[in-house]
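Reader: I'm new to reading protein structures. Could you walk me through some features, one at a time?
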Amino acid sequence: MMSWLRRLASTRLTLLGMVLLAIGAGLSYDNPADVSVWVLAGPLLLLASNLFAAILTQPGINRRPGLLMFHIGLLSICALAAIGRLTFYDARVEVSQNGAFDVAAVDEISQGMFHPSELNRVQFVQQGYTVEYRPGVVRGITRSYLQVSDGRGGWESKVVGDDTPLVVDGYRFYTTFNKGFAAVLTWSPDQGEAITGTLHMPSYPLFDYKQANSWTPPGSKKEIKFWLRLDTGMDEDADWLLDVSQAQSVLVVNNGEQRLELQTGQTASLPGGQLRYEALSGWMGYKIFYDPTLKWLFIASMLTVLGLCLHYWAKFKHQSMAIMTDKQSKT
Amino acid sequence: MIGVFTELPWMWAGLFAYAIATLLAFHNVWQVGANSAAAALPSRQGENRILLALVSGVLLLTVALAVRWERLGHGPFVNLFELLMSQLFSLGLIYSVIYWRVPDLRASAVVVMPLIWVLGSWILLMEPVDSRFPPTYHNDWLWAHVGFGKLFLSFCLVAAGLAGVILLRTIPYFARCFAHMTDEALDQLAWRFMMLTLVFDSLMLIAGAVWAQDAWGRYWSWDALETSSFMTWLSIGAGIHVRLTYNIPIRLGALVILAIFFLAFTTYFGAPYYSESAHKGVI
Ligand code: HEM
């Protein structure tokens, strides 16, 4: 057993593992979906077993506290990264202004096979948002205003952004460039109950030129086309603030041959019912990220570096930096 | 456009001071080679002059950076022009401190200064374009990431300088110039700096990962820069292990150090500009 372990602990195997890991990293570049996770997981498993065997059998490592701490740290980073890959969750969601976050609307989900799926516990309501823009339509700071459930029946106000996520139960919600306007519409059919809903327009200002969407009233086969004509104060050559509450809009409704322009509060008669343009609203696109290992990875990597520092301290504390053979005769 | 010119004269003056430091470094070594005494030592006075020129260069570049910072309202973190300028400053600053505190590695200046000049000549050929500060750069971890990165590259530069001296000693003329040192001692010192390089590279990656988590909602995603910097980190570990496992000849070790420096250098100044997707927050 011991001789087998010793063979597994060979530092030549370490070098082989490192070369394979470098190749795996090269192949994973830009994370193409068609690359197997094994190009990284394989070399990491090899290195982890090699390292584990070395820690058990090599006095070069296990008799030196700092070096031992460093290598155990490397091992724990590998283990944590693996746990992270098995439990992570990554997705996108669009939340309408004055609307609640809805798990059913979550999109582009990728997740580890042991992800605990507790996203339905997250409760927040989107309020307004503002985005600072600089000349050249360069996006600056995003401030998204939320009401977040405190879990005891109350609500807390929070402002989140691109780098200040909302963190609830380990799920992190980051604002993204993907956000825009929405039209709040009420459809009162000739027979039946009126319904109010929000129609999201494409991302703004990215698709400034095509703020359009369509909707088919229930029971109808004919699609109604909408186009939102906006005045947001956008100035390509100056600073400006994207703020839904300050924007002006006209909703252009195209129903076959019929073309109407609605201001907020106006109603149009269409075949089958009445359409009222209630208000201009917005929506925010979030990136959702969950990885329970984040904090532990940070602690483990800091301890790993500390181990390395302790090792070098022990190794070099009695050695000076002097390398000259003769120091007397300097002019 | 007028504003752009205000920092340029300071930068040119800084580079001029670096040019003087470079010439003085060669002169000092050349003088040792010309000395008929065996294993003559470089002139201490000459070394002081080199240090003075270096420090002047650093001070002038500090002014250039401050002027630009004031003008644009943000630090030199965004485009290649700024990265080169701030590295010229920080490599010069950290190397000056090491040059001053560790007299025994001063011989490395003949290699270090030309390496710094790779950046110097590059920046002279560049358009001094202004940059815009991306929203994701308003983060304290940026400072830690950049700071550790500067120490990492500077220590790697010193190790490369010492490795360069080891290789120069294979040329008879330079062997005479550096006769007062041994390959073994240079090798020890160079690898000691590689170990510091590993420590600060690790810290740079950790700070970068924390920042990336805040900025882009993921701590690691194998973009061009992340892949390249991971390979650099791994190559330092592999270099240290190769040296331990195979007890490689000193000159081969010096080549390994130079290869790692090359990788670190391309990570810094190649990868972010080679790929559109590098550090996505910039876009
Ligand atoms: C994964 C498998 C690994 C194994 C089995 C391993 C094994 C060892 C052993 C046995 C030593 C002690 C050598 C001696 O002085 O007798 C050592 C030292 C060292 N290892 Fe590793 N190692 C591994 C990975 C790594 C990695 C990934 C890095 C860094 C990137 C690394 C960095 C170091 C350093 C810096 C030293 C100290 C060198 C010195 O003090 O001169 N190791 N390793």
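Reader: Let's start with one side chain: is Phe77(B) buried or exposed?

Author: One thing before that: this is a predicted model. Burial is judged from relative accessible area, and under 20% counts as buried. Phe77(B) has a relative accessible area of 10%, so this residue is buried.

Reader: How many aromatic pairs are there over all chains?

Author: The general idea goes like this: a pair of aromatic rings is described by the distance of the centres and the angle of the planes. Searching the whole structure turns up 33 aromatic pairs over all chains. Take Phe77(B) and Trp143(B): their ring centres are 5.3 Å apart and the planes sit at 85°, so this pair is edge-to-face.

Reader: Where do Phe77(B) and Trp143(B) lie?

Author: Phe77(B) is in the loop between helix H2 (44-72) and helix H3 (80-101) of chain B, while Trp143(B) belongs to helix H5 (residues 140-168) of chain B, so the pair ties together parts that are 66 residues apart in sequence. As for cover, Trp143(B) counts as partly exposed, at 48% relative accessibility.

Reader: And what kind of aromatic pair do Phe174(B) and Phe178(B) form?

Author: That one is stacked, with 6.2 Å from centre to centre and 15° between the planes. Phe174(B) and Phe178(B) are both buried. Rings can also gather in a group: Trp122(B), Phe152(B), Phe261(B), Phe265(B), Tyr268(B) and Phe269(B) make up one aromatic cluster.

Reader: Okay, on to charges. How many salt bridges does the structure hold over all chains?

Author: To read one, look for a side-chain nitrogen of Lys or Arg within 4 Å of a carboxyl oxygen of Asp or Glu. Over all chains, the structure holds 20 salt bridges. One of them links Arg276(A) and Glu278(A), whose closest N and O atoms are 3.1 Å apart. Arg276(A) is partly exposed at 33% relative accessible area, and Glu278(A) is partly exposed too, at 29%.

Reader: How far apart are the closest N and O atoms of Glu47(B) and Arg44(B)?

Author: They are 3.5 Å apart, and the two residues form a salt bridge. Glu47(B) and Arg44(B) are 3 residues apart in helix H2 of chain B, so about one helical turn separates them. Their cover is worth checking: Glu47(B) is buried at 3% relative accessibility, whereas Arg44(B) is partly exposed at 30%. Elsewhere, salt bridges that share partners join Glu7(B), Arg68(B), Arg71(B), Glu82(B) and Asp130(B) into one network.

Reader: Now the surface. Which residues form a negative surface patch?

Author: Here, look for like charges that group together. Asp208(A), Asp235(A), Glu236(A) and Asp237(A) form a negative surface patch. Asp237(A) is in the loop between strand S10 (224-231) and strand S11 (240-243) of chain A, and at 70% relative accessibility this residue counts as exposed.

Reader: Which helix gives the most to the nonpolar patch?

Author: For this kind of patch, look for nonpolar side chains instead. The biggest giver is helix H6 (residues 294-316) of chain A, with 7 residues. The patch has about 690 Å² and is made by Trp296(A), Phe298(A), Ile299(A), Met302(A), Leu303(A), Leu306(A), Leu310(A) and Trp141(B). Phe298(A), which sits in helix H6 of chain A, counts as partly exposed at 30% relative accessibility.

Note on methods
Residues numbered from 1 in each chain as written. Chains lettered and ligands numbered in written order. Predicted model: local features only at pLDDT ≥ 70, side-chain atom pairs only at ≥ 80, totals over all residues. Heavy atoms only, no water. Patch = residues over 30% accessible without salt bridge, like charges linked within 9 Å, V, L, I, M, F, W, Y side chains within 5 Å. Areas by Shrake-Rupley, 256 points an atom, 1.4 Å probe, with all protein chains shown as cover. Lys, Arg positive; Asp, Glu negative; His and termini not counted. Charge placed at Lys NZ, Arg CZ, Asp CG, Glu CD. Helix = DSSP H or I, 4+ residues; strand = E, 2+ residues; numbered from the N terminus. Buried < 20%, exposed > 50% of the residue type's maximum accessible area, 1.4 Å probe, protein only. Phe/Tyr/Trp six-rings, centres within 6.5 Å; stacked < 30°, edge-to-face > 60°.
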